[in-house]
Structures are given as structure tokens and as C-alpha cells.
Amino acid sequence: MNDLTPDSKERSTNLKGLGCSRKRVEDVRFVQGKGNYVDDIKLPGMLHGDFVRSPYAHARVISINKEAALALPGVVAVLTAEDLAPLGLHWMPTLAGDKQMVLADGKVLFQGQEVAYVVANDRYIAADAVELVEVEYEELPVLTDPFEALNSDVVLREDLEGQTEGAHGPRKHHNHIFTWEQGEEEATNQVLDSAEVVVTESMYYHRTHPCPLETCGAVASMDAVTGKLTLYGTFQAPHAIRTVVSLISGIEEHNIRVISPDIGGGFGNKVGAYSGYVCSVVASIVTGKPVKWVEDRIENLMTTAFARDYWMTGKIAATKEGKITGLHCQVTADHGGFDACADPTKFPAGFMNICTGSYDIPTAYLAVDGVYTNKAPGGVSYRCSFRVTEAVYFIERMIEVLAIELDMDAAELRRINFIKKEQFPYQSALGWEYDSGDYHRAWDKAMEAVGYQGLRKEQAERVEAFKRGETRKLMGIGLTHFTEIVGAGPVKNCDILGLGMFDSCEIRIHPTGSAIARLGTISQGQGHATTFAQILASEIGLPADSITIEEGDTDTAPYGLGTYGSRSTPVAGAATAMAGRKIRAKAQMIAAYLLEVHDDDVEFDVDRFAVKGAPERFKTMKEIAFAAYNQAIPGLEPGLEAVSYYDPPNMTYPFGAYVCVMDIDVDTGVTEIRRFYALDDCGTRINPMIIEGQVHGGLTEALAVALGQEIAYDEQGNVKTGTLMDFFLPTAWEVPNYETDHTVTPSPHHPIGAKGVGESPHVGGVPCFSNAVHDAFRAFGLRHTNMPHDHWRIWRTANELGLHG
Ligand code: CDP
């Protein structure tokens, strides 16, 4: 070594490991239009499928006449439930323990439901043939309101008639799915009965939709010679899809290869199984040709998995000084025609029991009733971890309402109820063990960054000016402190269809010191190819640029449960670090052998093993890699490979403090976001630039949901917001400048201390935008009004408060 020898710091920088804002490697192909999405896949002789869908929300299917469609040149087949029934494929299991019609079997339960599947030589002929299929329907009474559904004589699910037990316990009514209870009901009621202050509020978290830019699709290709089915698709969980396809088709799992190519956004929408996948597989088996199905935007919005649709009533008990003593939450959950929620088996309402939020609430009770209605099935965690968005919205609104009741500052009310740093690991009243947090530090930093006291002063002056008639604009200060729960999950309490929610990473180091790592997850834009290589770079001392990350091919990737609910970093990220550590352990033995010292006499130093006390004697990881292939230690296998299947001991609990400053024009209802400050704590930060990108994206989807995005139905069950003309998807025009910030509180149980982040900004953003709207009207008596806060609804609120003169 001499003065020119790079020191540890420089060598570490060269690796582009943890903490480096490494540029996204995948973007090279995306920005050149060279991504490979499902619709880019074109196989020889490929046919195209399209659905005949129900115009009615509830109707009996009297007859289906395929003749005219089959007579159209280029049409190869028209499948109905009758054709699928002999194969037992006219119904399929849902992820929630229910079953769902693949094609209408006797009746339809929501508008847009799949009735017949047309297969043709091209996409246009298929669409023309759809028009030629004649379906006779008999309309039935429509139920779009879950409360009405629970009192109605109309039986939606005739297939379940008489069944008093469902997948999640007793059913109270023929349109009832389950009741899920958590916490202590009696104790909570006692606290509420004897409390100094109790507030009750009801809120509707409206139905919305993840609306990924790329819609759902699949290409099924059955090779009649080898008997192997290859299924390309927009799958957030390719291995789980392979297992489900095997279970329902009877094809052995080794004969199914599922490939998720590039995916243009998932946000939960691409977790479940859709009729399009099943019908494409059947059509490929029947015709012997590859079959592609790609839905259009209207089909995506109307029929694939929705999000939210929770009617929540809360009661919160507190002392006069504002110390919260109890929380009661009752939810009626509209699940649509089939219970196809994507939640771990033991959590039919997801992680709604994180609804005590960031607060030390000693006693709590939650009950959720799932209900069938004539709406599309789904219930996915749209950029959130299994209903955490609903839970955080609920508690953050309840805190605001309590602040109004107590005539207290909402920031101070939060402060006095936060779980304290020294209380971690913290056992919540509804059953979770929060791993780590320092909420006071984050909150104080946020308050200082935005100049909170100054904002309140300005707001009070604005109210006075408004009253004097000097302005027509009010100012709202939206506050939120959220706690997320991500990284499902420990196998002992989290599974989907019996598959434990572990994840995996397999690493192969090549002789020249570069590597490939394969994972059970699948990126949909999060940048896994960039960040997982960074974790490895720090663990195994090879540059991130020399490590290929591969996901999404079940023939090559180790089994994993996929990417959703911000589980990739907490679970697969941990598997990556653990597999890296196995590589390092073997590398240590090789290094010691080469340096002719005992294993314990070498130590890892960034990109090498060096003799303790003699750093000039070392072997770099590159040298060790080569040695692993040509100078194997006697008695030790050659090669340098490792695999880890990681079952996390707990979930991770990222958190954040958000502030939104909003001006509202009382006469038009137009909102202007003047400032949005987002402080996120996701433990150890792998790539700060990617984290910032995730925060911007999540906040933008939060803005959409809070300020306009919804899937609305009329009384006949018609979807009123089935196109992007009506469904609000924000563009750069509506999006404000976001200020991001962070604190770092590592997870004590994650190998590198990282927590997830992808969903935090959405989870924290929705209540923050909503609280800003509410806060603007607080001085004029507003307690709660339901989202989405579009201009018209805000105008109406102002009108109801008598602010229009
Ligand atoms: O499961 P999903 O990929 O959607 O979410 P995530 O685990 O929160 O990761 C989203 C992106 O942020 C990935 O590229 C992660 O590697 C990155 N990330 C990070 O850089 N540092 C963290 N502490 C957490 C996530």
C-alpha cells in the first residue's frame, strides 16, 4: 500500500452500496422505450381474447347465443361458463377464501362482469365478435349500499344460500361475509362510559382504484409437445400465481412457468387472479396456440380490484387535558360481489387493527363487517399495506375531531399522546409489536421545519380578514403523524392461500468477481434492480454495477410471495443481506486459506478480507471469487453461491410526520397546495434518491384520492367514473412541489435496519391533504366531511357552513 491506495471511504464510495443515490439502472431501457411489457410480447400464431361483459349490476343470465360471433371470419372460439364447467374452471378461488365466477354462471353480480370470452385472430376481430354475442338478461334488484344489503331480502350470492359459516367465521345474513373483531370490547366500552370526554364520528373512505398506467394482461402459451405452460402476465406475485394456476388447472407446478416482464405500476391492482388469466390459459390449451388478453382502461377501472370502500365509525375517549384513554372502531366494509380482498388469511380486514396509530392508547376495540353488494370485487391495498391507509385515515381524522372537541391545538394533542421512544418495542392494544420509533423527534423536526407557530398565526389572521370581508380565501394546515406496518410477514401469522409470507434471494458470484442475484419479488417501478444490488454491494464488497438483479421468472427465481405492501425491502431485502452474509462467510474461509492464517485472523474491510493488524496483507473479494473457482480449499466445495429464504421475526413500522399548507377559494372550492412537507423515517436508507421518488409518487396518489379520485356508482350499479375523463389521475399540473426530509430509526430486527417506504407517503398523505381541507373550515364549525374533496364538494361545504353570504 502507498499514498495512492484508496482508503476504506473511497473504496466504499466506489461500491455504490447502502446510502448511495445510485442512478436507476433500469431507466436506461425505460427512457428509450425499450421496456418489455406484456403487450410487447408477440408469439408466433398468437390469438387474442376479449370479454363479453354484463351491462347490468345484477341480473340473471337467461341465454347466451354465440352463433353470430362464431360465424365472423377470424373468430376461433367463444367460451362461456358452460364450456368451463366440465373442467371445473367456471369458478376460481379468491385470495380471501371465497370463490368467484370466471365467467357468469347463471347470474351476474356487478356491472362489467365477465360473461363470455371470445378468441380471435386479432384484437379487432375479437372486439367485433364481442358485439355479436347475444346475451339475454333478466334484471334483478340492485344493492350498492352495504347497510341496505344487510337488511335486504335480496340474496346476492345464491351459491352460498343457507351457508351460515364463511371462510372467516359465522355469517349473520345472506349478504354478510364475516365479522372480524380485535381488542377488548367490554373494557373499551367501560372506558368510554366513564371518560371525561368522548367524541363520536362517522366517516366514509370512498371506493377508489389503483389505476396503474399499464392495465392488467396475460399471454398464455401451452406447448402441446412438452406439456409446458408459459404464462406471461402483469403479476405482482408470480410464484403465487404459478401455485394457484397449478391448483386450479391440475397442471403440475414444474410444468408451469410464470413470467412477470416489466410491469407498468401495480399498487395492489395486480396481486389477485383475474378471469382473463384463466380464460387465456384455457383458450391456449383448447386452441394449441398462444393467447393474449390485455384489458382496456374502462375494463381496468370497472372490473379489476378496487380499493377502500370502508364505512368507519369511531369513538375516542380522553381526559380533559387530552390524554386518550380508549378507542372504539366499527367498520362496514363493502367487498362487492365476491370477497376477493388480497389480505393474509388471518386478517380478513387486513391490518386495520393498526388503527391506534402513533398513539399510546391503552384500551381499544375494532370490529369489521364484510358485506356483499353489486359492485366489482377486490379490496386491495392500493399503495398501502393491507388496509393501513384506512386505519391511518381513521385515527388521524379522529384526532382532529377530538382536538376540536377539546378546543386544543391538533399538533399538541398528537404530541401528548405519542408513544414515547423508550416504550419501544411497543405492544399496541390491538395486538401489534411496534419495532422502533422516535415520534417526538420527527414531529418536533417537522414543526420546526414548517414554522408551525407562524403558520397558525397567519391562519388566525386570515380568518379575521375573511370575516372582515378582505379575502375570500381560507388557509388550512393539514397535519398527520402516521405509523405504517410493512413487511408481511412472519410466516406464523401471515400467509396467502396457505403460502407463508417469507421471501428469498439466491446469489451466484461469477469467477471474475461479478454476480447475479435472483429474488422472489418483482419490481413494478420501484427500482429493485438498483437497490438490491446496493444491499449486496455493502454485504459482499463487489460493486453494485457488477451485480445483476433478476426477478419475475418462476423457472429461475427462488420461491417468494412477491411485491406489494412495501414488503420487498423488509422481507426480500433482508433475504438479500442474509444470502450476502453466507457468501461472505465462505469468502472469509477462502481468504484465510489464501493468506495462510486462521479464519478468525482475517476481517472484512469494505471490499476485501485483510489480516487483523496487518491491513497490507489482504485478498479482495474479486480475488476471492476467482479463487473459489480454481483454488478450492481442500475439503470445501468450489463455487461461491448462497440462497436465503427469510422469514421475518416481525413486521417493520416506518413512520412519518407530514404537513400540508393549503389555500381554499371559498367561492369556487378550488384548492391550492402552497406547501407540502414530508418527513419519512424508514430506518436505514438504501438509496435516498429512490426514496425521494417513492415519496413523490406516493404523495401524488394520496393527493388524487383525497382531492378527487373515486369509483362512484349510481343506484342501478352503473359505474359513473369508468374512464379517465371522470376518474381523477393527477398530472404535473395539479401536483405541488414536495419538500422531503427524514430521520433514521433503524429496525432492530432487520439485518440492515431498513423498513419499507414505498407506501408510507400514500398512507400519510391522504389524511394530511384531507386534514388541510378540514382545518381551513375549523374556525367556521366544520367537524368532518367525506372525501374526495373535489372543488364541488368543497364549495358545497362552504355553502352549508353559510360562507356564501
Ligand atoms: O415492496 P416495494 O418495493 O413496493 O416497497 P419498498 O420495500 O418500500 O421499496 C421501494 C423502493 O425504495 C425500493 O427500491 C427500495 O430498495 C427503496 N428503499 C430504500 O432505498 N430504503 C429503504 N429503507 C426502503 C426502501
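## Terms and model

Helices (H or I, at least four residues) and strands (E, at least two) are DSSP runs, numbered from the N terminus. This is a predicted model, in which local features need pLDDT of at least 70, side-chain atom pairs count only at pLDDT 80 or more, and totals for chains, interfaces and linings use all residues. Residues are numbered from 1 along each chain as its sequence is written, and side-chain values use heavy atoms, leaving out hydrogens and water.

## Around the ligand

A polar side-chain atom of His 528 lies 2.7 Å from a ligand oxygen, a polar backbone atom of Asn 687 is 2.9 Å from one, and for a backbone N or O atom of Val 757 the distance is 2.6 Å.

## A four-stranded sheet

Next comes an open sheet of four strands with mixed pairing, in the order S27-S26-S25-S31. Strands S27 (547-551) and S31 (641-646) are at the edges, each with a single partner strand, so one side of each has no neighbour in the sheet.

Two strands pair if DSSP finds at least two bridges between them. Strand S25 (residues 503-509) and strand S26 (residues 515-519) pair in the antiparallel sense over five bridges. Glu 506 stands opposite Arg 518 in S26.

Terms used: A polar contact is a pair of N or O atoms within 3.5 Å; within protein, one must be able to donate a hydrogen and the other to accept it, and residues adjacent in sequence count only if both atoms are side-chain atoms.
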